[in-house]
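Me: Could you walk me through this structure? I am new to it and would like to take it step by step.

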Amino acid sequence: MPLLEDGRIIDDAWVRVADDAVLPDSPAIVTLARLQREAAQLAGRNAPLGVVLPPDVAPDAIAPFLDRLGLVVLELPKFRDGRAFTQARALREHHGFTGEIRAAGHVIPDQYAALLRCGVSTVAVPEGADPAVWDAARRVVGIAYQASVVPDSPLSLLRRKLEIA
Amino acid sequence: MNAIAPRPAAPIPPHARTYRYDAVDREFLAERIAEFEGQVQRRLAGELTEEEFKPLRLMNGLYLQLHAYMLRIAIPYGVLNAAQLRQLAYIARRWDRGFGHFTTRQNIQFNWTKLEDVPDILRALAAVDMHAIQTSGNCIRNVTTDEYAGASPDEVVDPRIYAEILRQWSTLHPEFTWLPRKFKIAITGAPHDRVALQVHDIGLEAKRNAAGEVGFAVHAGGGLGRTPLIATKLRDFLPEAELLGYLEAILRTYNALGQRDNIYKARIKILVRDLGADFAKAVEEEYARLPRDRYRLDPAIIAAIRQHFAPPPFLALNDTPLPEDPAFRAWAGRSVRAHKRPGYASVTISLKPIGGIPGDASAEQMEAVARLAERFSFGEIRVSHVQNLVLPHVRQEDLAELWDGLREAGLAAPNIGLVSDIIACPGMDYCALATARSIPVAQRISERFADLDRQLDIGECFVNISGCINACGHHHVGHIGILGVDKRGEEVYQVTLGGSATNDAALGELVGPAFSYDDVVDAVETILRTHVAHRLPGERFIDCYRRIGLAPFKEALYAAA
Ligand code: SF4
């Protein structure tokens with residue numbers, strides 16, 4: 001699936017690896033089960049490592065591995081399922097995670113701006129998605145009324161203008 | 001969309017205490033309308049599926065009902081100025097059928113709008129700093145508060161300030177727009193609860209400690225619907241500066257753990273009930289972890305918002321005796337309420353004329369109320385959660401003249417708090433989810449008790465009617481609650497007694513087997529006759545019920561059969 005960052009399609013260096021497959025020497029995404037099971041071996045790996053965090057698992061579950069992880073993938077089973085927003089925010093705010101957070105699954109352009117403000121960095125968009133639509137959707141409302149994990153200019157009343165890249 | 005210029009808005013009355021938008025607030029609204037217009041276009045172009053578009057339109061207050069689109073417009077915490085009410089009248093006339101319907105969430109609904117008109121309606125609203133944002137959808141809804149805020153003698157803290165802060169904080173909140181279900185917050189600043197805070201997802205009581213500092217009792221997990229529950233108190237005195245951070249923690253806990261696979265178990269009340277003490281623990285843990293400074297409510301912000309709600313220029317007056325005219329006295333006895341300032345009063349305007357649709361107002365009536373508000377109440381109007389209107393600050397010496405004006409507009413029904421002051425949801429007449437009619441039941445009850453002397457003799461009694469188990473008519477907390485259900489293709493009505501939505505919040509008890517559409521009014525009659533037969537002198541229905549219990553009512557209702 002194409003990968004969106006800053007409103008543009010970028011190359012995706014990461015590959016998802018099945019639980020029984022051998023890990024390549026390039027950026028690889030594993031399941032949570034494998035991460036937990038093979039923690040010791042994976043810790044010794046040199047190439048970047050990513051994990052898929054299911055929507056019903058709190059980020060606390062991967063806290064011990066976070067300094068080894070370059071990517072956390074959050075899956076939205078349905079776009080109406082907003083748990084990923086809270087997971088992303090917790091990864092940034094509680095765990096200080098600075099790697100890539102990727103939203104995957106069923107995501108619609110109208111969610112892009114909010115995902116970014118919760119700390120998501122990239123979105124796996126459907127095949128053939130028009131990045132211009134996504135970029136427009138994140139720019140259309142350029143004012144926010146509440147604090148978020150994204151560094152914003154200081155509050156005057158509650159709201160301030162956003163600086164969108 | 002073709003740009004029909006919105007009606008040039010009348011100037012805002014200078015002393016009406018609504019939150020005044022500045023350039024940034026207006027820019028935000030324009031952006032939000034542009035976003036919605038873009039969503040409509042992408043839907044029409046097939047880029048959004050109906051499944052994807054539905055929650056987007058709902059978050060802008062647009063429902064598909066039985067016969068047409070319904071647009072629900074936010075009246076933040078029920079506070080309106082005269083220019084805004086005039087604009088609502090204009091919208092009613094131009095894009096609806098000349099009526100609007102005030103709701104128990106202190107909002108207004110237009111039941112006959114067309115999809116293609118909605119962007120123009122939104123622009124007409126924006127012209128008076130109004131919108132339809134988050135009046136539906138699984139997000140934080142319009143915050144409700146006391147309709148007598150800023151006027152009531154028992155007020156300790158002005159809740160409008162915090163209601164406005166919560167409105168801003170929750171507007172397009174990036175993390176809480178896709179919650180498991182809708183989320184409703186109510187706030188009061190008086191010890192007497194007029195907002196039903198114990199049946200809200202979050203209920204806040206603003207109060208002061210011995211040092212005079214503001215804080216909040218925080219209740220969570222109350223609600224009506226299929227599984228009515230009274231809220232659990234999480235904090236007794238949350239310091240003012242911590243309000244937003246603590247609410248973030250509650251919402252995060254709910255967003256992460258609330259059920260999503262079953263719509264009937266998705267409200268926060270189910271999570272609070274199922275987790276028990278662990279819910280409070282989870283909230284406190286989340287709160288302990290979040291960076292306090294980022295979410296701290298700066299006193300400068302509170303002070304800035306407080307300015308919007310500064311008292312209007314009250315005169316130094318003395319209380320004046322009311323005219324003797326018995327008809328005036330009958331109205332004033334129900335509608336006029338004590339004010340914190342001598343010489344002033346708050347006036348409740350009944351939207352429950354005998355045989356009328358509860359909460360409906362015509363465009364002409366809205367304009368009449370706007371005019372009277374400008375003349376007598378600093379241009380300010382409130383919507384009450386029992387679907388009436390309030391003029392908060394009226395000089396006592398003006399009451400007789402105001403009453404004349406209300407009579408001319410057909411708005412002087414003297415029935416506030418009486419049997420015919422009924423809360424009813426739209427029911428089968430409009431709502432796609434309804435299993436029974438509710439408006440016609442309300443109309444028939446009101447006609448049965450049309451005689452004012454009889455209503456006065458019965459005394460205070462709240463009748464609440466819902467057309468299905470979703471309980472939009474709050475039947476569980478009515479002194480008399482009526483729920484319409486479908487029983488093998490026939491509408492029948494279950495009756496509960498003894499509910500209450502105030503400090504002594506309680507859910508009504510079922511009297512017994514349901515009544516048919518034809519019989520339900522007789523059942524109400526029998527219940528009230530039983531009350532009159534058993535009451536002590538001056539005893540209210542609810543007190544009488546609590547003293548004598550369900551048995552005498554049951555016996556009167558079912559013994560004959
Ligand atoms: S209670 Fe049921 S019928 Fe009444 S408005 Fe709510 S959903 Fe519709």
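**A first look**

Reply: Ala28(A) is buried, with a relative accessible area of 0%; buried means under 20%, exposed over 50% and partly exposed in between, using a 1.4 Å probe and protein chains only. This is a predicted model, where local features need pLDDT of at least 70, side-chain atom pairs count only at pLDDT 80 or more, and totals for chains, interfaces and linings use all residues. Residues are numbered from 1 along each chain as written, chains are lettered from A and ligands numbered from 1 in written order, and side-chain values use heavy atoms, without hydrogens and water.

Me: In which strand does Ala28(A) lie?

Reply: Strands here are DSSP runs of at least two residues, and helices (H or I) of at least four, numbered from the N terminus. Ala28(A) has contacts (heavy atoms within 4.5 Å) beyond its neighbours within four places in sequence, including Trp14(A) and Leu49(A). The strand, covering residues 28–31 of chain A, is E4.

Me: Is Thr144(B) buried or exposed?

Reply: Thr144(B) lies in strand E6 of chain B. Leaving aside neighbours within four places in sequence, Thr144(B) is in contact with residues including Tyr77(B), Ile185(B) and His200(B). With a relative accessible area of 5%, Thr144(B) is buried.

Me: How many residues of the shell around the ligand are charged?

Reply: The shell (a heavy atom within 4 Å) includes Cys425(B), Cys431(B), Cys468(B) and Cys472(B). Charged means Asp, Glu, Lys and Arg; Ala, Val, Leu, Ile, Met, Phe, Trp, Tyr, Cys and Pro are nonpolar, and the others, Gly among them, polar. The shell has eight nonpolar residues, three polar and, for charged, none.
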